[in-house]
Amino acid sequence: MKPQTKALIVVICVVVIGIGAYIISSDSQTATNIEPGTTSALPESQITTTPISLGEVAQHNKKDDCWTIISGNVYNITAYVPRHPGGDTILEACGTDSTILFTSRTSEDGEKIGSGTPHSSNAASQLQNYLLGPVEQ
Ligand code: HEM
């Protein structure tokens, strides 16, 4: 085999390995940057623009089937319940309007739940992974 052919093969191998390494590293970067909860985002088939009634939300009031209303939207937070950093306090939200609980971490009577401060913007952005649709007014 001519030296030029050998050199060409080596160059092609280096380029192919380089492209492969770039693809693998950019994939793993996406995986580590992913927001917790994003992987279990609801299937599109569950997301609706049709308003969901309060009665429908009230039926999903259990640890293993938990919907909640926050600021006019309904969220299916079932998958998030076991990983909630605040533990089972999140169960108070199941089947009800938890806007005050979520936005101020206080009860309707103003009693502190945990720190008694609003959830972080990170919590608010994770919430969006569980959006089902608007609540019926
Ligand atoms: C609506 C009922 C909820 C209640 C009563 C509640 C309560 C709490 C409590 C007590 C903590 C521990 C930290 C502290 O004491 O301040 C906490 C932390 C946290 N919760 Fe909730 N939570 C609720 C819903 C949610 C939801 C729906 C999400 C997101 C999908 C969420 C995400 C988080 C996150 C990320 C933290 C860590 C601290 C932060 O980023 O604010 N929580 N929560």
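Author: Let us begin with a definition: helices (H or I, at least four residues) and strands (E, at least two) are DSSP runs, and they are numbered from the N terminus. The model is a predicted one.

Reader: In what order do the elements of the protein run from the N terminus on?

Author: The secondary structure of the protein amounts to four helices and four strands. Read from the N terminus on, these elements follow the order α-α-β-β-β-α-α-β.

Reader: Which element gives the largest share of the shell around the ligand?

Author: The ligand is surrounded by 19 residues, and the closest are His 84, Arg 105, Ser 115, His 119 and Ser 120. The space that the ligand takes is the largest pocket. Two elements give two or more residues to the shell around it, namely α3 (99–104) and α4 (121–127). The largest share, three residues, comes from α4.

Reader: How many residues of the shell around the ligand are charged?

Author: Under the classification used, Asp, Glu, Lys and Arg count as charged. The shell around the ligand holds nine nonpolar residues and nine polar ones, and the number that are charged is one.

Reader: What is the distance between a polar side-chain atom of Ser 120 and an oxygen atom of the ligand?

Author: A polar contact is a pair of N or O atoms within 3.5 Å. For Arg 105, a polar side-chain atom is placed 3.3 Å from a nitrogen atom of the ligand, while an N or O atom in the side chain of His 119 is 2.8 Å from a nitrogen atom of the ligand. For Ser 120, the polar side-chain atom and the ligand oxygen atom are separated by 2.4 Å.

Reader: Is Arg 105 buried, exposed or partly exposed?

Author: Arg 105 is found in the loop between α3 and α4, and its C-alpha is 5.6 Å from that of Thr 117, although the two residues are 12 residues apart in sequence. Buried means under 20% relative accessible area and exposed means over 50%, with partly exposed in between. Because the relative accessibility of Arg 105 is 24%, the residue counts as partly exposed.

Reader: What is the phi of Ser 71, about?

Author: Ser 71 is located in the loop between β2 and β3, and it is exposed, with a relative accessible area of 52%. A positive phi is found at Arg 105, a residue other than glycine, where the value is near 50°. Ser 71 is not a glycine either, yet its phi is positive, at about 50°.

Reader: Is the disulfide of Cys 66 and Cys 94 left-handed or right-handed?

Author: The count comes to one disulfide, formed by Cys 66 and Cys 94 with their sulfur atoms 2.1 Å apart, and the cut-off for such a pair is 2.5 Å. The torsion about the S-S bond of Cys 66 and Cys 94 is about -95°, and therefore the disulfide is left-handed.

Reader: How many residues apart in sequence are the parts that Cys 66 and Cys 94 tie together?

Author: Cys 66 is buried at a relative accessible area of 0%, and Cys 94 is buried at 7%. Cys 66 belongs to strand β2 (residues 65–70), whereas Cys 94 lies in the loop between β3 (73–76) and α3, so the parts that this pair ties together are apart in sequence by 28 residues.

Reader: What percentage of the residues in the protein is buried?

Author: The cut-off for a buried residue is under 20% relative accessible area. Of the 137 residues in the protein, the buried ones make up 26%.

How values were computed:
Residues numbered from 1 in each chain as written. Predicted model: local features only at pLDDT ≥ 70, side-chain atom pairs only at ≥ 80, totals over all residues. Heavy atoms only, no water. Near = heavy atom within 4 Å. Polar contact = N/O pair within 3.5 Å; in protein donor to acceptor, adjacent residues only side chain to side chain. 1 Å grid on protein atoms, 1.4 Å probe; cavity = no way out; pocket = protein on both sides within 12 Å on 5 of 7 lines; lining within 4 Å. Sits in = over half its atoms within 2 Å of the grid points. Buried < 20%, exposed > 50% of the residue type's maximum accessible area, 1.4 Å probe, protein only.
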